[in-house]
Amino acid sequence: MTAHPGPVQPTPGATSALRPVALDGVTFAADGFFGRWQRRNATGTLPHCIAQLEVSGALDNLRLVTGEATGGFRDMWFADSDVHKTLEAAAWQLASDPDDERLRAFVDATAGLLVKAQGDDGYLNSHYTVVKPGLRWQELHYSHELYVAGHLIQAAVAAARAGVGDDLVAVARRCADLLVDRFGGADAPPGIDGHPGVETALVELFRVTGHRPYLDLARRMVDQRGHGVLNGERFGSAYLQDHVPVRQAEEVAGHVVRQLYLLAGVVDVAVETGDDELFDAARRLWDDAFGRKTYITGAQGSRHRDEAFGDPYELPADRAYGETCAAIASVHWNWRMLLATGESRYGDELERALHNAVAGSTSQDGTHFFYSNPLHLRTGHDGSHEDAPSQRLPWYSCACCPPNLARLVASLHGYTATTDDTGVQLHLYSAGTVRTAAGEVVTRTQYPWDGRVELDVTGPAPFTLALRVPGWCTEASVRVDGVPVDVRAENGYLRLHRDWSDGATVTLDLAMPVRVVTAHPHVDAVRGCVALARGPLVYCVEQADLPAGVVLEDVRVDPTAAFEPTELPGVPVALTAPAAIVPPGADALYRTGAPEPAATPFRLTAVPYFLWGNRSPGPMRVWIPTTTAG
């Protein structure tokens, strides 16, 4: 069987500590958390995205170029990227299910359309071909031309690795060759787009083809940023990631998705070129992003106006933007940091984003989505605008998130396990099987609902099995064939080295008590509040679980109370605890010396954040005021 590498595949010469297990080597069990998610993606999200490409006009925009459609250009000027992301998702899905003829027909037909729409020189962008043919490459601060090209290339990388869509690979290479010709020369104009993304695509195309100019162009693009060459008139140069050279940057800033896409490319370039200075910049910026500017759910971006990072500790729950694409980009960046270093903290953040910010963006039927992801939806919130809805919507005018979700989830098994010279490392836990040259690991678990992970391990020779102990876990134990093993976590991993040729069952127990979490004192927005978490999941309170007539903002919780797991329909583990309802007592906006009204006790129920909004639209909050709050 031909191995299908996943989304990130460093070359043998890259300075990566770990190597991803090929997609063929990881299979999620149908009844596991990730297995159910992938099936929902395959049967719900991906077909929905394909249908919406017709409804939105994204495919017709390309048909305008070929003369197969009439009328005007529709939707966003970068809508071609929705087509490319959906193609990428379809390619990853075909790697897992090569017999899906409808999906293969979509890939072949759409690749054929791109062949016809591509210019003789390799240029492919329907908006600039139809609407602004005289302004190609002239509006890079705004045009998204290189961003769109990047998603085309990433779709081709997925097709090449999945063994489908030969036409798509040829189209992308012609496009990439055009980029090299135009922007790769010593005297060429700066080849930087206001929206990064092409950098990591070029590196992956280099990894597929071995063609060095693609890598060289990606490195050139990284180093050309930060010199103020783009027109930042509207939101400033930080929004465009053109305010400071990457190697000198001390903090993440500007549009979150653009920053994180750029940093994913920075890591790719650094490990392929052995550039320690560049990688040190990525590490420094990671420390800032996750030390001062990330929500408890793993979401990032606290400003709606420019979809941007805020100041350090500027993390308002009710004004959180937390774009879904930013959470996806966080997964991409953290996976690359994990591969480069083998450090568990990157796996921790990957897990947090996946189980909360990413998982919460999609409805349980897989066909409705959040674009922004607040941590508090107030009573009386209008919720009718797509930038701040009170429930998931089937599509958006800027539809970047749904197909982005489809491509991530279709390739999710590519972010689970790695190998190195010592053996196999498991970073994410879900029921399924990992097969490598070292051996096979079959996992049985109800994670993230339960902390017990049972693994049947076999292998022809001794190797080390490394199991990540999440940073939230303060007590972990391991047994082999029922016998306790005295092993301590090193750098976040329990490492078991032995001869597995006769097979053995490893039982990992990760204690999952309910955690009552407080924020750093500088996070003014949630001072006097606590959040609830259990395992990797963050919890929230929804209006649907409050007594009739109770206003969510009147709910307070005793942080010292005993929180008990319980089960609700569709929620394997909800949390309950004694709480209180404290009404405002007066209608005055401000008052002096008024005594606080008496509290009315009730039983609070909290559900996982990723499930909120599936029952009915309404108020929700992650951070809950305490009974001791002033």
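Q: Where does A320 sit?
A: A320 is in the loop that runs between α11 (276-292) and α12. Keep in mind that this is a predicted model.

Q: Is A320 buried or exposed?
A: Buried: its relative accessible area is 1%, and the cut-off for buried is under 20%.

Q: What is A320 in contact with, leaving aside neighbours within four places in sequence?
A: A320 is in contact with Y295, G301 and H304, and also with N373, P374 and L375.

Q: And how far apart are the C-alpha atoms of A320 and A299?
A: They are separated by 8.4 Å, with the two residues 21 apart along the chain.

Q: OK, changing topic to cavities. How many of 30 Å³ or more does the structure hold?
A: There are 6 of them. The largest cavity has about 210 Å³ of space.

Q: Which residues are closest to the centre of that largest cavity?
A: E88, Q154, H332, R336 and R407, out of 19 lining residues.

Q: Which one gives the most?
A: That's α6, with 4 residues in the lining of the largest cavity.

Q: Now the open sites. How much space lies in the largest pocket?
A: About 760 Å³. By class, its lining has 15 nonpolar, 8 polar and 9 charged residues.

Q: And which residues lie nearest the centre of the largest pocket?
A: W77, R234, Y239, R258 and E307, from a lining of 32 residues.

Q: Let's do backbone geometry. Where is there a cis peptide bond?
A: Between Y447 and P448, where omega is about 10°. P448 itself is in the loop between β7 (440-445) and β8 (452-458).

Q: How does D75 count for accessibility?
A: Partly exposed, with 32% relative accessibility.

Q: What's phi for N491?
A: Phi of N491 is about 55°, which is positive although N491 is not a glycine. N491 is in the loop between β11 (483-484) and β12 (493-498).

Q: And is N491 buried or exposed?
A: N491 counts as exposed because its relative accessibility is 65%, where over 50% is the cut-off.

Q: Zooming out, how many helices and strands are there?
A: The protein has 14 helices and 22 strands.

Q: How does the radius of gyration compare with the globule rule?
A: The radius of gyration is 25 Å, close to the 25 Å that the rule gives for 630 residues, so the protein is as compact as a globular protein of that length.

Q: What box do the C-alpha atoms fill?
A: Roughly 75 × 70 × 50 Å, taken along the principal axes.

Q: What percentage of the residues is buried?
A: 60% of the 630 residues in the protein.

Q: Last one: among contacts between residues at least 6 apart in sequence, what share joins residues at least 24 apart?
A: 68% of those contacts in the protein.

Definitions and conventions: Residues numbered from 1 in each chain as written. Predicted model: local features only at pLDDT ≥ 70, side-chain atom pairs only at ≥ 80, totals over all residues. Heavy atoms only, no water. 1 Å grid on protein atoms, 1.4 Å probe; cavity = no way out; pocket = protein on both sides within 12 Å on 5 of 7 lines; lining within 4 Å. Points joined across faces, edges and corners; volume = space filled by probe spheres on them. Helix = DSSP H or I, 4+ residues; strand = E, 2+ residues; numbered from the N terminus. Rg over C-alpha atoms; globule rule 2.2 N^0.38 Å. Buried < 20%, exposed > 50% of the residue type's maximum accessible area, 1.4 Å probe, protein only. Contact = heavy atoms within 4.5 Å. Nonpolar A, V, L, I, M, F, W, Y, C, P; charged D, E, K, R; others polar.
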